[in-house]
Amino acid sequence: MIDPMAFRQALSHFATGVTVVTTRDADDQPIGVTASSFNSVSLTPPLVLWSIGRNAYSYPAFAETEHFAVHVLGEHQQEWSNRFGRAGADKFGGLKWHEGIAALPLLEGCPVRFECVVEHRYEGGDHMILVGRVLRVSEAEHAAAPLLFHRGRYAALDSASEGR
């Protein structure tokens, strides 16, 4: 038997990008959550996946939604990661956003954003895995360094190794 905390510590050695995933809840209110479990699945068709903990505040909305948007965060958006990582409250207050496909709440200013329709949902232990078919991709005009998470904290790329 693997101790869950030891397993979590071991997984922390794998650096991940940070995203905010958004949708609408049953009351048509914008919902968002920070996720570092984002990954590509397929180029043809264009598929991505991410997972959400079953104990997450926003789990019910994502368990029922047919659409979601994944916002890849830049290093300058750490506050967004913290904001959407907390339960409850109005996470969208004071942020610039507009509606996309299926009235998805889309945050403005992210390096890249993927608007998706749910293709599959899978059981994943204490998480649900959502696979989305990408319907639209929006890239920022100017590239930004990614917001990274490694060993339990935010991390930055070594600027000397960028572009190699």
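1. The side chain of R24 has a polar atom lying 2.7 Å from the backbone oxygen of A103, and the side chain of R24 also reaches the backbone oxygen of D28 at 2.7 Å. A polar contact is a pair of N or O atoms within 3.5 Å, where, within protein, one atom must be able to donate a hydrogen and the other to accept it, and residues adjacent in sequence count only if both atoms are side-chain atoms. The structure is a predicted model, in which local features need pLDDT of at least 70 and side-chain atom pairs count only at pLDDT 80 or more, while totals for chains, interfaces and linings use all residues. Residues are numbered from 1 along each chain as its sequence is written, and side-chain values use heavy atoms, with hydrogens and water left out.

2. Is R24 buried or exposed? R24 counts as buried because its relative accessibility is 13%, where buried means under 20% relative accessible area, exposed means over 50%, and partly exposed lies in between (1.4 Å probe, protein chains only). Not counting residues up to four places away in sequence, R24 touches Q29, P30, I31, A61, W97, E99, A103 and P105, contact meaning heavy atoms within 4.5 Å.

3. R24 lies in strand β2, and R24 stands opposite P30 in β3. Helices (H or I, at least four residues) and strands (E, at least two) are DSSP runs numbered from the N terminus, and two strands pair if DSSP finds at least two bridges between them. Strands β2 and β3 run antiparallel and are joined by six bridges. Five of the six residues of β3 are buried, so β3 is largely enclosed by the rest of the structure.

4. The strands β2 and β3 form a hairpin with five residues between them, and D28 in the turn has a positive phi of about 65 degrees. D28, placed in the loop between β2 and β3, is partly exposed because its relative accessible area is 47%. Although D28 and L104 are 76 residues apart along the chain, their C-alpha atoms are separated by 9.8 Å.

5. Which strand pairs with β2 (residues 19-24) over four bridges? That partner is β6 (residues 67-72), in the antiparallel sense, with V70 in β6 as the bridge partner of V21. In turn, β6 pairs with β9 (residues 112-124) over six bridges, again in the antiparallel sense, and R113 in β9 is the bridge partner of H71.

6. An open sheet is formed by three strands in the order β1-β11-β12, with antiparallel pairing. Its edge strands, β1 (16-17) and β12 (153-155), each pair on one side only. Three bridges link β11 (residues 148-150) to β12, and A155 in β12 is the bridge partner of L148.

7. The largest pocket holds about 1600 Å³ of space, and of the 41 residues that line it, R8, S36, S37, S51 and H127 lie nearest its centre. A pocket is an open set of points on a 1 Å grid over the protein atoms alone, where a 1.4 Å probe fits, with protein on both sides within 12 Å along at least five of seven lines, and lining residues have an atom within 4 Å of a point. Among the elements that each supply at least two residues of this lining are α1 (4-11), β3 (30-35) and β10 (127-139).

Notes. Grid points are joined across faces, edges and corners, and a volume is the space filled by probe spheres set on the points.
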